Amino acid sequence: MIAAAKTLLATMGLSAADLNDTKPAARTVPTFTEYVPVALRAASPTSAAVWQCYLNVLINEWPTRPIDEPTTTELTSLSITVQERSAQGSGTRGGRGARATFIDAIRFLYRCAVADKLITFNDNPVIGLRKPTKRPSTRRALTSKQLTDINDINDINDIVATTGRDPALDSLVIRLHTETACRRGGAKALRPCDLETTHLTLRLREKGCTIRDQPISPTLMTGLLAHTEHRAPGADPTGPLLIQANGNPVGDNYYQLL
């Protein structure tokens, strides 16, 4: 068998030494400047718009570094830097959200790199990266005193009820947000089947796929039920609850006008 192998190598013009010297071709790993735009094209438009400014941090900090060079420790340190920069702005909660979003962005970048076989799964430096602990939300309903102050200073309910294109709907929407402190998305996602008349609660589905059963007043419950009967009698109980006078569900344009 050895003699046959030597004969075969001889016919190919090779020797045993040539086999030992054979090495796979070196793979070129792109830099952050080169690869960030490639990865962003694989994201949804909404995600790309959010992640671009965070991935640009990698381009600004390490423009010529190949993406397989940074270690988990270096990426952790950079995420802390992003948090500290964000914490300097007004209205932030210590920059935790910015750091979490930055980590989400680079996780996506390296998922793309693994899929493109630029790095292996085990060499992925973001595997050991941990996001900061999420603090409880500070959102809550307004207190009775705050409600009184709003009504006394701005007469907001009177203005809404007597002006605008759809005073009945406008008043109901303002009352809904006043009592529940729900987000705009929670109001738009509200359905007739979310009304629980026995315990006077409504189910809100809001940002981050959060679901909560919010107690409301009998007056608001009566108003929501009357609105459903008047605007969409016999409609699908899983369809939108808040309907404009033209038959369309409330959307972002409605809120801008309001």
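This is a predicted model: local features need pLDDT of at least 70, side-chain atom pairs count only at pLDDT 80 or more; totals for chains, interfaces and linings use all residues.
Q: What is the volume of the second largest pocket, and how do its lining residues divide into nonpolar, polar and charged?
A: The lining of the second largest pocket consists of 15 residues. These divide into 7 nonpolar, 5 polar and 3 charged. The volume of this pocket is about 360 Å³.

Q: Which residues lie nearest the centre of the second largest pocket?
A: Helices α8 (156–162) and α12 (252–257) each supply at least two residues of the lining. Of the 15 lining residues, those nearest the centre are Arg165, Asp166, Asp170, Tyr254 and Leu257.

Q: Is Arg65 buried or exposed?
A: Arg65 is located in the loop between α4 (45–61) and α5 (72–87). Its relative accessible area is 19%. Because buried means under 20%, Arg65 is classed as buried.

Q: Which side chain is joined to that of Arg65 by a polar contact of 3.1 Å?
A: Beyond its neighbours within four places in sequence, Arg65 is in contact with Pro30, Thr31, Phe32, Pro70 and Glu74. The polar contact of 3.1 Å, however, joins the side chain of Arg65 to that of Glu69.

Q: Where is Arg203, and is Arg203 buried, partly exposed or exposed?
A: Arg203 belongs to strand β2 (residues 201–206). Its relative accessible area is 39%.

Q: How far apart in space are Arg203 and Ala189, C-alpha to C-alpha?
A: In sequence, Arg203 and Ala189 are 14 residues apart. In space, their C-alpha to C-alpha distance is 9.8 Å.

Q: How are the rings of Phe32 and Trp62 arranged?
A: The whole structure contains 3 aromatic pairs. In one of them, the ring centres of Phe32 and Trp62 are 5.8 Å apart and the planes stand at 40°. As planes under 30 degrees apart count as stacked and those over 60 as edge-to-face, the pair is tilted.

Q: How many residues apart in sequence are the parts that the pair of Phe32 and Trp62 ties together?
A: Phe32 is buried at 0% relative accessibility, and Trp62 is buried at 13% relative accessible area. Phe32 lies in helix α3 (residues 32–40) and Trp62 in the loop between α4 and α5, so the pair ties together parts whose separation in sequence is 30 residues.

Terms used. Residues are numbered from 1 along each chain as its sequence is written. Side-chain values use heavy atoms; hydrogens and water are left out. On a 1 Å grid over the protein atoms alone, a cavity is a set of points where a 1.4 Å probe fits but cannot get out, and a pocket is an open set with protein on both sides within 12 Å along at least five of seven lines; lining residues have an atom within 4 Å of a point. Grid points are joined across faces, edges and corners, and a volume is the space filled by probe spheres set on the points. Helices (H or I, at least four residues) and strands (E, at least two) are DSSP runs, numbered from the N terminus. Ala, Val, Leu, Ile, Met, Phe, Trp, Tyr, Cys and Pro count as nonpolar, Asp, Glu, Lys and Arg as charged, and the others, Gly among them, as polar. Buried means under 20% relative accessible area, exposed over 50%, partly exposed in between (1.4 Å probe, protein chains only). A polar contact is a pair of N or O atoms within 3.5 Å; within protein, one must be able to donate a hydrogen and the other to accept it, and residues adjacent in sequence count only if both atoms are side-chain atoms. Contact means heavy atoms within 4.5 Å. Rings of Phe, Tyr and Trp (its six-membered ring) pair if their centres lie within 6.5 Å; planes under 30 degrees apart count as stacked, over 60 as edge-to-face and the rest as tilted.
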